Amino acid sequence: MVSSRCVSGLMGRMLRCRCVCLLMLLGAVAMPQRAHALSLSLDSIAQWGKFPRFCVNTYRWGDSFFNGYDSTYVQGSGKRWNVKTRIDSWVDTYNFRFDNGYRMDMISDPSTTLGFYLTYMAVSVGYDMNIGKYFNGAQRARKRFNFQFNCSLFAVDYYSTTNDIGTTIRRMGPPGEVEHTNLDFSGLYSSSWGVDIYYFFNHKHYSQAAAFSYSKIQQRSSGSLYAGLSFWGQKYDFDFADLLAELHPELPPSWGTNYRVKNKNYALRVGYAYNWVFHRGWCLGVSVSPTMGLRRGYINDPDDVKDSFAMSNLLRGSLVYNYNKKWFFGVVGRWDLGLIYDKEHTLMSGNLSVEASAGFRFDLWK
């Protein structure tokens, strides 16, 4: 017969053996998982299984299809992320022409924002903060939000703006008696939003992102025709009550003391852009794109909604310098001009802005 001490010793050795085997098995399973967890490269993710491999292959196909540039003309920076800060300063202009020849030209007080933006490949999100009030004493603010999607084939831009800052009347008067003035006007509120979608025909050689988004690098000079759709809405509210008491401008009788506009616009955008690489690392970009379409909205009377012709124009220019494909610096100018009219008046409203940016490109993983 086997003693109880022998049975106990045998069972102990078997238990220790099982524990060692279990620890070895857990270690073998855990080690690849730790390696995967520490590496987020596409090749490593593709080894996780069939579905991760499918996602990686789909991503690589999409990257090749939507960003398939000719590397002789356009190259990537080698980094998928970039972060930048920018200072943006702009003014709004409002030029009224009435049917009796009377004119009134206004310009808003300068507004300056400090913005921070984060970009991953084609998607850029950021926010601008008003800092102009700390320099010019303005108590009211203007806010702007931008969202951009940009690839070699097409681009999508969304923006929204509210403006409640002071305005100055520079010139006003009847025909032949227009006078230069410097009259403060505080009775203005405006807001707008818009979406632009457009396709680049020479997308192999031209990159809008190289000139305006800093996510690509233009190697050789090239340009492209582009076309798409634009949708935007406007809301203006001019209160001339205080101005009437002082200068009595010859406004249309139907206006009373207020001028109000609200509309939505649906238009075709056609433009041309060109990037000139005049020295290694330097790129000068120019883009112009008029729009023509349908406007639906009212002027002064909310119950009198009408359809009319919508027209605007966007002119942009940039100067960009890339250093070692990591650091970038740029200056971008933008002039957006629109037209509102009826049988009593014409309003040319514009926005002129200049921004200076500096940023750094990087990768979160290899």
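Ten salt bridges turn up in the structure, a salt bridge being a side-chain nitrogen of Lys or Arg within 4 Å of a carboxyl oxygen of Asp or Glu. The model is a predicted one, with local features needing pLDDT of at least 70 and side-chain atom pairs counting only at pLDDT 80 or more, while totals for chains, interfaces and linings use all residues. Residues are numbered from 1 along each chain as its sequence is written, and side-chain values use heavy atoms, with hydrogens and water left out.

One of the salt bridges pairs Arg 86 with Asp 88, with 3.8 Å between the closest N and O atoms. Both partners are tucked away: Arg 86 is buried at 8% relative accessible area, and Asp 88 is buried too, at 2%. Here buried means under 20% relative accessible area, exposed means over 50%, and partly exposed covers what lies in between (1.4 Å probe, protein chains only).

Asp 237 and Arg 260 also form a salt bridge, at 3.7 Å from N to O. This pair joins distant parts of the chain, 23 residues apart, with Asp 237 in strand 12 (residues 222-239) and Arg 260 in strand 13 (residues 258-279). Helices (H or I, at least four residues) and strands (E, at least two) are DSSP runs, numbered from the N terminus. Asp 237 is partly exposed at 26%, and Arg 260 is partly exposed at 37%.

Next comes Arg 296, whose salt bridge with Asp 307 has its closest N and O atoms 2.8 Å apart. Arg 296 sits in strand 14 (residues 282-299) and Asp 307 in strand 15 (residues 306-323), so the bridge ties together parts eleven residues apart in sequence. Arg 296 is partly exposed at 45%, and so is Asp 307 at 47%. Elsewhere, a network of salt bridges links Arg 97, Arg 103, Asp 105 and Arg 171.

As for the nonpolar interior, a nonpolar core is a set of buried Ala, Val, Leu, Ile, Met, Phe, Trp, Tyr and Cys residues joined through side-chain atoms within 4.5 Å. The largest core has 21 residues, of which Phe 96, Met 104, Met 106, Phe 238, Phe 240 and Tyr 259 touch the most other members. Elements giving two or more residues to this core include strand 2 (81-98), strand 3 (103-108), strand 12 and strand 13. Strand 2 gives the most, with three residues. Beyond four places in sequence, Phe 96 has contacts (heavy atoms within 4.5 Å) with residues including Met 104, Met 106, Phe 238, Trp 255, Tyr 259 and Leu 347. A second, separate core of twelve residues includes Ala 155, Phe 200, Tyr 214 and Val 332.

Tyr 69 lies in the loop between helix 3 (50-66) and strand 1 (74-76), and is buried at 15% relative accessible area. Although 83 residues separate Tyr 69 from Ser 152 in sequence, their C-alpha atoms are 6.8 Å apart. The Tyr 69 side chain reaches the backbone nitrogen of Ser 152 at 3.5 Å. Leaving aside neighbours within four places, Tyr 69 is also in contact with residues including Cys 151, His 203, Tyr 206 and Lys 216.

How values were computed. A polar contact is a pair of N or O atoms within 3.5 Å; within protein, one must be able to donate a hydrogen and the other to accept it, and residues adjacent in sequence count only if both atoms are side-chain atoms.
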